[in-house]
Amino acid sequence: MEKVNVPELFGSLVFDDRQMRARLSEEVYSSLKKTIDENVRLDEKVAEAVAVEMKKWALENGATHFTHWFQPLTGVTAEKHDSFIEPTGDGGVLMEFSGKELIKGEPDASSFPSGGLRATFEARGYTAWDPTSYAFIKDHTLCIPTAFCSYSGEALDKKTPLLRSMQAINREALRVLKLFGNEDVKHVATSVGPEQEYFLIDQKMFDKRPDLIYTGRTLFGARPPKGQEMDDHYFGVIKPRVTAYMEDLNQELWKLGILAKTEHNEVAPAQHELAPIYSTTNIATDHNQLTMEIMQKVAKRHGLVCLLHEKPFAGVNGSGKHNNWSISTDTGVNLLSPGDTPYENAQFLLFLCAVIQAVDDYQDLLRLSVATAGNDHRLGANEAPPAIISVFLGEELSGILDAIKNDAPYEGVEKVTMKLGVHALPRFSRDTTDRNRTSPFAFTGNKFEFRSLGSSNSIACANIMLNAAVAESLHQYADELEGAADFQAALHNLIKRVITEHQRILFDGNGYGDDWVKEATEVRGLLNLKTTPDAMPKLLDEKNVKMLTAHKIFTEAELKSRCEIMLENYNKTVNIEGLTMVDMVRKDYLPAIEEYLYTLSRAVESIKNISATVKCKYEISTIEKLTDLTDNILDAVTDLEEALAKLKDMDDVIETSEAIRDEVLPRMSTLRGYVDAAEMLTSGKYWPVPSYGKILMSV
């Protein structure tokens, strides 16, 4: 591969700050920066000037079209391309692009999920330019990141509530910071670094698996003799074919200004991970959506398929997306990083408490933000945290919080009574304890790692809920402290009370153990929302609606629509999986098993004709076992068909989701068990699809 000049390549297809600073007038650039950095309303004259220079830059880089790139509630991105051409009177064309076209687009909204917000005949929708996320060029098209709303203003996308949540946490964090004398801080933003796990398999193998084609995961498959037991794939030498893919992928991501940093083999065979450097949450969300798209596109160039499903193969690790979240000021202070002075540490502890309280008060929102049909298969397995949400702090921070709670000396670095702002807090360093891979929500030095996200999830949902919940904690703290006669005493009492009241959410032990499930639910009273049907209706609980509407992150109608959409998506996903299983069993598996049984029967008949004394133990025992399994498969697939048929008569999404959880999924599991057992007895020559062993070891 040719030598790559990374600094020159990086962001070469992005209309970023470097381009704007060089191309825009000082007045226009300054106004736009205020809009981006300080949330000042966009001037239409500024938009017109930006559009002119953006078009020039796009044409210089080979773009012929532009699109408003948005994130509807489908889980993927959407775009409608328009060319820059405008006709002239003499039969020619001009390349035009106006500020109006930059600011607003009008895609048809009727065919996107709306959860009842809109009728099908109400087609009009609007896309609105998000100037906080840079425009970029993809496939000769200028892509303009936008929000998507209905004719009457309801958010029909994931970007709009995310921006609202960032606005809410900024507002409440500034109130708290002013109490600590931080008058120079003008803006507070959350940042995210989402680690992306994925599988790479051979395209030829993929094409022979209808379940992978239709659902993104294998619905059948017996375990191979070797899986991940030897731990030899994790961080192992990357195979040449995968290395070529990763090099190609990095270059495509770097062109778009995506900070791809780390790549390695993950635990399962054929599984890998890519991790970026942190970006502002809005930009990180856009970049992660692009990353998933480009990962799949680049894989095809290499004769590969990139699988982003949370559990594409049973029996080996599934794929997650660890959401590393932090909060910082525009002056460069990480508010989740311990400081050097008592005041800085008091401020750190208050923001730490805000996160702890947020996770405890809104554990249901965090759980439902990662709830999908695919992620239900992963959460609670050995490679993923449990469905029970808890916070891991590590030994030192836990000890400090215990000392504050009990007004006792801290026995760690130095003995000091924990009177905030009166006696000096002990200085404590980062990363003094090991990470806890079983924790859903772990503090890792100067950030929290929310590990429950599934690999195909948009990170917007989790960060909307996290930002909102922390904003609510900070709102309560600001209300209490702003009216305090003695700030230091009130601060100490507040932190002590929060630690005491929310101690139940803190857990540093093994999240996989049965003992923890019992302790969490029966002793601590934590929620164990195992499935999407258990979790999603919690979105409409009174406390959640009250909080999310109070901070203007969602309207009540938008919340109802999202609950409807997410459950409907769950129902459709599992229904497609069930129908695919039926189709494969009836058209592929049963005929293949019958063909092998016929071959065995003919073999027995031939052998008996030669010698009546030969027992044909292998043939006869296999025939008996496979015949029983064939009967069981037929009964199981019939049961599944009947369960799926009942769903057609159900109109309520909650009722349907519960029927899927209680009736359909158990039948799917039973059917799979019989088919996988038959695979172990059937000659590979007759088995109609590639086995797990061939798929996982083929790259």
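Modeller: Gladly! Let's start with a sheet: six strands form an open one in the order β14-β10-β16-β19-β18-β17, and their pairing is mixed. Residues are numbered from 1 along each chain as its sequence is written. The model is predicted, so local features need pLDDT of at least 70 and side-chain atom pairs 80 or more, while totals for chains, interfaces and linings use all residues, and side-chain values use heavy atoms, leaving out hydrogens and water.

Colleague: What makes β14 and β17 edge strands?

Modeller: Strands are DSSP runs of E with at least two residues, helices are runs of H or I with at least four, and both are numbered from the N terminus. Two strands pair if DSSP finds at least two bridges between them. β14 (279-280) and β17 (391-392) each pair on one side only, and that makes them the edges.

Colleague: How do you know that β10 and β16 pair?

Modeller: There are seven bridges between β10 (residues 188-194) and β16, in the antiparallel sense, and the definition asks for at least two. One example is proline 194, whose bridge partner in β16 is asparagine 323.

Colleague: Why is serine 319 called buried?

Modeller: Buried means under 20% relative accessible area, exposed means over 50%, and partly exposed lies in between (1.4 Å probe, protein chains only). Serine 319 has 0%, so it counts as buried. This serine 319 sits in the loop between β15 (304-307) and β16 (323-329).

Colleague: And why does proline 269 count as buried?

Modeller: Its relative accessibility is 4%, so proline 269 is buried by that cut-off. Proline 269 lies in the loop between β12 (260-265) and β13 (271-276).

Colleague: Which residues of α3 are buried, and what puts them on the same side?

Modeller: They are Val28, Tyr29, Leu32, Thr35 and Ile36. The arc is that of the directions from the helix axis to the C-beta atoms; here it is only 125°, so these residues are on the same side of α3. An α-helix has 3.6 residues a turn, so residues three or four places apart point the same way. The face turned away from the buried side of α3 carries the exposed residues Glu26 and Glu27.
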